[in-house]
Structures are given as C-alpha cells and as structure tokens.
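Hello,

Here is the structure we talked about. Please open it next to this email as you read.

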Amino acid sequence: MILAANVLPEFSIVTPSYNQLDWLRLALASVADQTSATVEHIIQDAGSKDINEIIEKLTMSGPANCEVRLFLEKDSGMYDAINRGLAKARGNICAWLNSDEQYLPNALHKVANFFAENPKIDILFGDVLVVDAHGKALSCRRAILPSPNHVRLSHLNTSSCATFFRRSVFEQGHRFDPNWKSIGDGVWVYGMLKAGLRAATYPNLLSAFTLTGANLSMDDPVSQSEKEKWLAQPDAPAKIFRPYYVALHRVKKFLAGAYRKRTFDYEIYTLDSPSRRVRFTAYKVGGTWKVPSTKTNDADHPKR
C-alpha cells in the first residue's frame, strides 16, 4: 500500500537486501503486520533477482498502515545500503532490519509508546530472541546498556534488529562508516555514546534473529581484522582494561536477569509459514534450551 500524501509514517524501517529473498519475505511480513504503527519499510536492494515481483505482490495486498518502498541501487556493502535507506526516511523513529531478522508482534507499538513517554531518549535497545532456521529458540539476549569501553575492547552487546533511534540522530551526522564491512554497527554505537547521546534499554523481547547458516560471524577473519584495526587507533583504551570491562558487563547481565530460567511463548514467521505467524513455546533450564513445541497461530497475521 501507499500512505496518503498527508500522512507521515511514525517509523522508517530500512532493510539492506541482496539475494536472500526467502528470508526477506519473513522480514517483510513481520513489519507489515505491526498494525498499531504507521510504517514505511524501505528495501535498499543491490540487485536481487525477482525482487520487483515480490514487492509488487506485497504492496498490492499489504495493510493500509504500511508502505513498502523499493530502491534498486548498487552499493559498497551493508552499511552503505543502510545509509542510503536512512537518507530517504520520513519517520520520526528509525531502525534497520536485516533479511534474516523479524519483529515480534506489537514490537513497534511498544517502541512508539516508549519514545513518547521518554522524549529525552535518543536510542533504544531491546531484547532479542535467537532462533535456528526452523524457528527453534536458541537463546534470549537481554539488552544491557552498552558502555563505550566495553564496546571498544570486547564487542557490541546489543543487537541491531532491536535498536531504534530518532531520525534526528541520523540527521545530526551519526551515519555508518561504509569503510567497515563487519563492525560498523559497533563503531556507530560507540560514536553516539561518546558524543553524549542518551540511550535506554527496553527489557522485553522485540525481535528475532535467525541463524540461517549464512550469517556474518563476528569470529570471521574480516571481523577479527577490523576489531584489531579499531583497537590500534590512538583513541582506543588500553587492552589491559579488557578483563575489567568484560567482568563488569557480566555482572550487569546477572543483575538484569539475563541468566534467569524462563518460559515464554513467541510468534514468528518461518520458511514453512511465510504468511502466517507460528506460535512456539520455549523454556530454559540452566544453560540448555529445550526443543520448543509449535502451534500455528489462530489469527492471520541475512546478513548480506
């Protein structure tokens, strides 16, 4: 659908895309069924085969509150594609959602309420569910407010699929550096925290990230090389402090209940059910996730 000319979306969601159309369908569906928010979903595609047909079908049958905007442009990588998409954004709240990720039901409604109630917050980090290619829960990542030194010395502990920010952040010049191919989101968050932007966490599941088997890994040679390059820059904290910040982060996780036993239901789209959410029940005992039961929901609803 196309939003009315006088209607500006609450959200602008950017999805960088290239030849992961099976997973892209699920991401698209998870944005389209966010019925309590007005959304523009910007697909920034580098030239995937048959993507026009997929977007056309979704646009014809999509809900009135969600507009899908497809842009076919060559880019220099994922972060360049995200910058290109965000430059076209009209919503007050922005985010990016990779093809192997999806929003959980009512996620955008919860995020909109949070920003409305907290006008001084610039960036919000939420909890993320990690699932396998069949939708089985593997882990639940509790959002802990990142600290610049932990991000720099260890890793970015928040997930991009549950990161939301005001459009003004991008307009102030906090854009992704396309020279980074793997750690660009960590560099981006680090820069915003160092600049004094105000961040908060939302201690509830907002998104799901799928381990498809083809995801970009933070342990691959490119990531390792980039992390070493970033740490070698003159403004980096001394590596000797790394154990301290890692230990402090783990204490924060413990206090936030990240290691607590939990049972919960969740609903996501799967490759076997791309047009209808499937309900799962997962529970954790110690550090082991049990195989979840599944049931189709009664209501209709990759990194590259």
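Below is what was found in it, starting with the overall picture.

This is a predicted model: local features need pLDDT of at least 70, side-chain atom pairs count only at pLDDT 80 or more, and totals for chains, interfaces and linings use all residues. Residues are numbered from 1 along each chain as its sequence is written, and side-chain values use heavy atoms, with hydrogens and water left out.

**Overall**

The chain has nine helices and 13 strands. These are DSSP runs numbered from the N terminus: helices are H or I with at least four residues, strands are E with at least two. Of the 304 residues in the chain, 54% are buried. Buried means under 20% relative accessible area, exposed over 50%, and partly exposed in between (1.4 Å probe, protein chains only). The accessible surface is about 14,100 Å², and carbon and sulfur atoms hold 52% of that. Areas come from the Shrake-Rupley method with a 1.4 Å probe; for residues, only the protein chains shown count as cover.

**Salt bridges**

There are 14 salt bridges. The rule is a side-chain nitrogen of Lys or Arg within 4 Å of a carboxyl oxygen of Asp or Glu.

- Asp33 and Arg277 pair at 2.8 Å, N to O. They link distant parts of the chain, 244 residues apart: Asp33 is in the loop between helix H1 and strand E2, Arg277 in strand E11. Asp33 is buried at 13%, and Arg277 is buried at 0%.
- Asp80 and Arg84 have their closest N and O atoms 3.1 Å apart. They are separated by about one helical turn, because they sit four residues apart in helix H3. Asp80 is buried at 13%, whereas Arg84 is partly exposed at 30%.
- Glu267 and Arg279 also form a salt bridge, with closest N and O atoms 3.1 Å apart. Glu267 lies in strand E10 and Arg279 in strand E11, so the pair ties together parts 12 residues apart in sequence.
- Glu40, Glu67, Arg69 and Arg90 are linked in a network of salt bridges.

**Aromatic rings**

The count is 13 aromatic pairs. Rings of Phe, Tyr and Trp (its six-membered ring) pair if their centres lie within 6.5 Å; planes under 30 degrees apart are stacked, over 60 edge-to-face, the rest tilted. Tyr79 and Phe176 are stacked, at 5.7 Å centre to centre and 15° between the planes. Tyr79 is in helix H3 and Phe176 in the loop between H6 and H7, 97 residues apart. Tyr79 is buried at 2%, and Phe176 is buried at 3%. Phe114 and Phe115 are edge-to-face, because their planes stand at 85° with centres 6.2 Å apart. Ring pairs also link Tyr79, Trp96, Phe165, Phe176 and Trp188 into a cluster.

Two lysines deserve a look. Lys88 lies over the face of Phe71, 4.7 Å from the ring centre. Lys229 lies over the face of Trp180, 5.6 Å from the ring centre. Here NZ of Lys or CZ of Arg must be within 6 Å of the ring centre and within 35 degrees of the ring normal.

**One histidine**

Is His174 buried or exposed? His174 is buried, at 18% relative accessible area. The residue lies in the loop between helix H6 and helix H7. His174 touches Val169, Trp188, Gly191, Met192, Ala195 and Leu197, not counting residues up to four places away in sequence. Contact means heavy atoms within 4.5 Å.

Best wishes
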